[in-house]
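Hello,

Here is the structure I promised to pass on. Please look it over before reading my notes below.

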Amino acid sequence: MQITALSGGVGGARFVRGLVHELSRRSPGEQVEVTVVGNTGDDITLFGLRVCPDLDSVLYTLGGGVEEEQGWGREGDKHEVMGELAALGVQPQWFGLGDRDLGTHLARSLWLRRGATLSEVTARLAARWGLPEQGVRLLPVTDTPIETHVVVRNDGPGGGAPGDDGAGSGEAAPSGEAAPSGEAAAASDEASGEAAPSGEAAAASDEAGSDGAAPSGEGAASSGAGAAGPSERAIHFQEWWVRHRAAIPAQRFTVAGLSAATPAPGVLEAIRGADVVLLPPSNPVVSIGIILGVPGVRDALRGTRAPVVGVSPLVGGRPVRGHADACLAPLGVEVSAAGVAGLYADLLDGWLVDTADEGASYPARVQVRALDLLMRDVAGAARIAGAALDLADELR
Ligand code: GDP
Ligand code: CA
């Protein structure tokens, strides 16, 4: 049996951990392979190190090393390196990187510099965290560097000149550069307030929504035109999410490097060849939406013979945690389990919603089941994963 799940960070990681528990309970002897396709749009280069927050949440959560409360970073980690960087006046300081967590980023960056692909690097990290022993294979959705950027208005809250609070990343100056440099956020925080062309260039270069390679108007990241206009600027997703807590209204999301990205080895095969495809309760716009935007992935999901069953990340019209509402707003999508189902309507067969959302109207073809969708602990996540497997069985 082959199960494939698409995953962002915390929501996806907790769901997959529950899935692994449920599978070992249900079919102790059976060989079940779980392939997790992880979002890389959150990736960012900080202090010269490549950081992959969503992949790391999956690694640490499955490996038993996660800071459980926050769902990312290493349990009990210290922050002495960041403290020293602060003493040296090195920015940015808004992205927390613990000391042991930095070990991951150092190793990843070293291996990437030596020529390994992100898939290869991720496999090495997965071995360190015991994923193969759990029957789990973690694949980045793409080995091509991509970065989600958020286009915001210059005159809105948090706007203004770059360099004052570091929030600005300079004037939107499209350069036509096709790939993300990865240094957008770090560069934008230079004390000098120097413009960070990489960020804007990358964002501006992205016409993901309109180049035909990515679905237009369906992928979360593909709404609107790609480039930042004259009264707008693009900031790295992490700066918007972590630093500004998504409080600056997003005009739209763009993904630097997306149109030129290709799925990582094994991704399309894992979707096409699966017995079950699961969409965990990950952010529909900046986690699942980015994965679906990688050319070829959405088509593979539409075409797979496996039932595709998803779990709503919204309960009672609100995200359980995080700011998915602020991500759905610029797409004009209702902040509800039904709104999210609508984003997946072309590929979804089954949809789990919370009992609070039972009565809503869902896309016609989709089989909906209602249950308590809160993952309070591993057992709770396992219960939800079990319900997803049951629904997939019904639909097969
Ligand atoms: P991120 O990358 O760390 O933001 O994590 P994901 O994209 O994988 O997941 C974020 C989403 O998980 C948010 O939209 C939350 O609403 C959702 N989420 C978190 N915990 C739960 C839960 O217990 N139940 C459900 N249904 N959704 C959850
Ligand atoms: Ca994420």
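What follows covers the two ligands and their surroundings.

This is a predicted model, in which local features need pLDDT of at least 70 and side-chain atom pairs count only at pLDDT 80 or more, while totals for chains, interfaces and linings use all residues. Residues are numbered from 1 along each chain as written, chains are lettered from A and ligands numbered from 1 in written order, and side-chain values use heavy atoms, without hydrogens and water.

Ligand 1 first. It sits in the largest pocket (on a 1 Å grid over the protein atoms alone, an open set of points with protein on both sides within 12 Å along at least five of seven lines; a molecule sits there if more than half of its atoms lie within 2 Å of the grid points). Ligand 1 is surrounded by 19 residues (a heavy atom within 4 Å). Among the closest are Pro-281, Ser-282 and Leu-373. Helix α1 (residues 10–26) gives the largest share of the shell, three residues (helices are DSSP runs of H or I, at least four residues; strands are runs of E, at least two).

An oxygen atom of ligand 1 lies 2.9 Å from a backbone N or O atom of Gly-12. Taken alone, ligand 1 exposes 590 Å², and the protein buries 92% of that (Shrake-Rupley method, 1.4 Å probe).

Now the calcium ion, ligand 2. Asp-42 and Asp-54 coordinate it through OD atoms, at 2.0 to 2.7 Å (donors are N, O and S atoms within 2.8 Å of the metal, or 3.2 Å for Na, K and Ca; water is not among the atoms, so sites may look incomplete). Asp-42 is in the loop between β2 (33–38) and β3 (44–46), and Asp-54 is in helix α2 (residues 53–62), 12 residues apart. Asp-42 counts as buried at 7% relative accessibility (buried is under 20%, exposed over 50%, partly exposed in between; 1.4 Å probe, protein chains only). Asp-54 is buried too, at 7%.

Best wishes

Note on methods:
Polar contact = N/O pair within 3.5 Å; in protein donor to acceptor, adjacent residues only side chain to side chain. 1 Å grid on protein atoms, 1.4 Å probe; cavity = no way out; pocket = protein on both sides within 12 Å on 5 of 7 lines; lining within 4 Å.
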